[in-house]
Amino acid sequence: MKIGIVLYPTYGGSGIVGTELGKALALKGHEIHFITYSHPVRLGSFTKNIFYHEVVVSNYPLFEYEPYETVLASKMVDVVKHEELDLLHVHYAIPHASAAFMARQILSSQGIKVPFVTTLHGTDITLVGRDSSFEPVISFCLNESDAVTAVSESLKKDTYSYFKTDKEIHVIPNFIPVPEERAVMNYSLRRMYAQDNESILCHISNFRKVKRVADVMHVFSKVNQEVKSKLLLVGDGPERYVIEELCRELELCDRVTFLGKIQDTRSVLELSDIFVLPSETESFGLAALEAMAVGVPVISSNSGGIPEVNIHGYSGFLSDVGETADMAKNALKLLLSEETLAEFKKNAIKRAREFDIRKIVGQYELLYSQVLKGN
Ligand code: GMT
């Protein structure tokens with residue numbers, strides 16, 4: 001198949017899923033055309049079957065707000081026509097689904113039929129999308145999509161409760177390539193951050209309010225009182241100043257490292273003993289799955305789709321949102337017993353294997369074929 005993939009090319013989970021999906025489809029022989037405003041961060045370099053079409057928005061002085069959606073729709077029309085695409089797959093509803101709808105209408109007026117699949121990732125539904133200023137457009141685009149997928153049962157349920165749609169929603173979870181073997185610990189790298197008798201806790205996010213990074217700091221502070229530890233924080237975003245301030249207030253600066261935005265998050269995870277994800281809401285929690293795939297148990301909140309990934313008492317522990325004392329208690333259950341930690345590490349990998357990329361990509365291919373048959 002020839003597939004156009006539209007996504008946000010940045011570090012966000014939806015962009016990572018869209019990019020990794022495209023790469024996996026290309027490896028299986030499909031021709032993949034990424035259509036977005038900059039080179040997707042996870043795309044890597046020159047690869048067979050992968051093409052990138054940049055959406056360039058003009059900065060004409062009249063436009064106080066650049067009309068990205070219009071330019072994107074035009075680009076989709078152009079790429080579908082000239083590359084003879086079979087299908088468009090848009091990741092994140094706003095504004096990709098409405099741009100795809102417009103592109104499909106324009107192409108149809110020229111006698112070209114191209115269906116589009118919309119994948120909902122979370123904040124497009126649970127945070128931004130819920131805003132009444134978006135609701136009519138999102139409801140309309142969901143109903144008009146040729147197929148809709150959501151990354152968890154929880155997100156599917158939220159979509160039905162927030163939007164006026166009875167469109168069938170296919171749940172296709174996030175995925176990960178699970179390494180065949182656990183990586184050998186890189187002790188010289190680990191010693192740059194922690195001594196051998198110290199544990200390493202890790203958190204990766206875009207430092208937005210929804211991630212509750214302050215809770216990570218409080219969990220860490222409590223854990224560190226019992227077990228000497230270090231905290232590695234990966235990512236950057238609007239809350240970083242607040243968290244740095246909190247770090248100083250709690251006098252933890254010599255124990256916490258802010259690594260900023262790092263592309264190779266896997267290497268950081270491989271050094272870690274525990275991953276902390278206390279989010280207010282999380283449609284799936286790709287970062288937790290990435291941790292589990294390299295054998296790092298997850299201490300998380302029990303919100304949204306996280307319980308569909310992290311199994312309480314098996315791959316990690318779940319607590320109510322904001323219950324940092326409970327989260328710290330759970331982390332200590334793991335850190336105070338080498339045996340328990342080793343068992344949870346193994347379980348984390350086993351659980352991650354259920355979301356192995358090889359199991360999930362086929363589900364998208366099947367959906368594409370069904371959509372094309374019905375077209
Ligand atoms: O987590 C974020 O804020 C980024 C966001 C995105 O849209 O890029 O991630 C969402 O999509 C990921 C991939 O499907 C999910 O794993 C994340 O759970 C989801 N984030 C939220 O629901 C907050």
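Residues are numbered from 1 along each chain as its sequence is written, and side-chain values use heavy atoms, with hydrogens and water left out. Because the model is predicted, local features need pLDDT of at least 70 and side-chain atom pairs count only at pLDDT 80 or more, while totals for chains, interfaces and linings use all residues.

User: How many residues surround the ligand?
Analyst: A residue is near a molecule if one of its heavy atoms lies within 4 Å of it. The closest are Ser14, His121, Asn174, Lys211 and Glu282. The residues that surround the ligand number 18.

User: Which helix gives the most to the shell around the ligand?
Analyst: Helices are DSSP runs of H or I with at least four residues, and strands are runs of E with at least two, numbered from the N terminus. The helix that gives the most supplies three residues and spans residues 13-27. This is helix α1.

User: Where does the ligand lie relative to domain 1 and domain 2?
Analyst: The domain bounds come from an automatic or database domain assignment. Domain 1 covers 2-175 + 356-374 and domain 2 covers 187-355. Both give residues to the shell, so the ligand lies between them.

User: What is the distance from an oxygen atom of the ligand to an N or O atom in the side chain of Glu282?
Analyst: A polar contact is a pair of N or O atoms within 3.5 Å; within protein, one must be able to donate a hydrogen and the other to accept it, and residues adjacent in sequence count only if both atoms are side-chain atoms. A backbone N or O atom of Ser14 lies 2.8 Å from an oxygen atom of the ligand, and for the side chain of Asn206 the distance is 2.9 Å. For the side chain of Glu282 the distance is 2.7 Å.

User: How much of the accessible area of the ligand does the protein cover?
Analyst: Accessible areas come from the Shrake-Rupley method with a 1.4 Å probe; for residues, only the protein chains shown count as cover. On its own the ligand has 480 Å² of accessible area. The protein covers 94%.

User: Is Glu84 buried or exposed?
Analyst: Glu84 lies in the loop between α2 (68-83) and β4, and its phi is near 55°, a positive value in a residue other than glycine. Most residues other than glycine have a negative phi. Buried means under 20% relative accessible area, exposed over 50%, and partly exposed in between (1.4 Å probe, protein chains only). At 56%, Glu84 is exposed.

User: Which residue does a cis peptide bond join to Ile94?
Analyst: Most peptide bonds are trans. Here omega is about -15°.

User: Within what arc do the buried residues of α6 fall?
Analyst: In helix α6 (residues 153-162), Ser154, Leu155, Asp158 and Thr159 are buried. The arc is that of the directions from the helix axis to the C-beta atoms. Seen down the axis, the buried residues line one face of the helix, because they fall within an arc of 135°.
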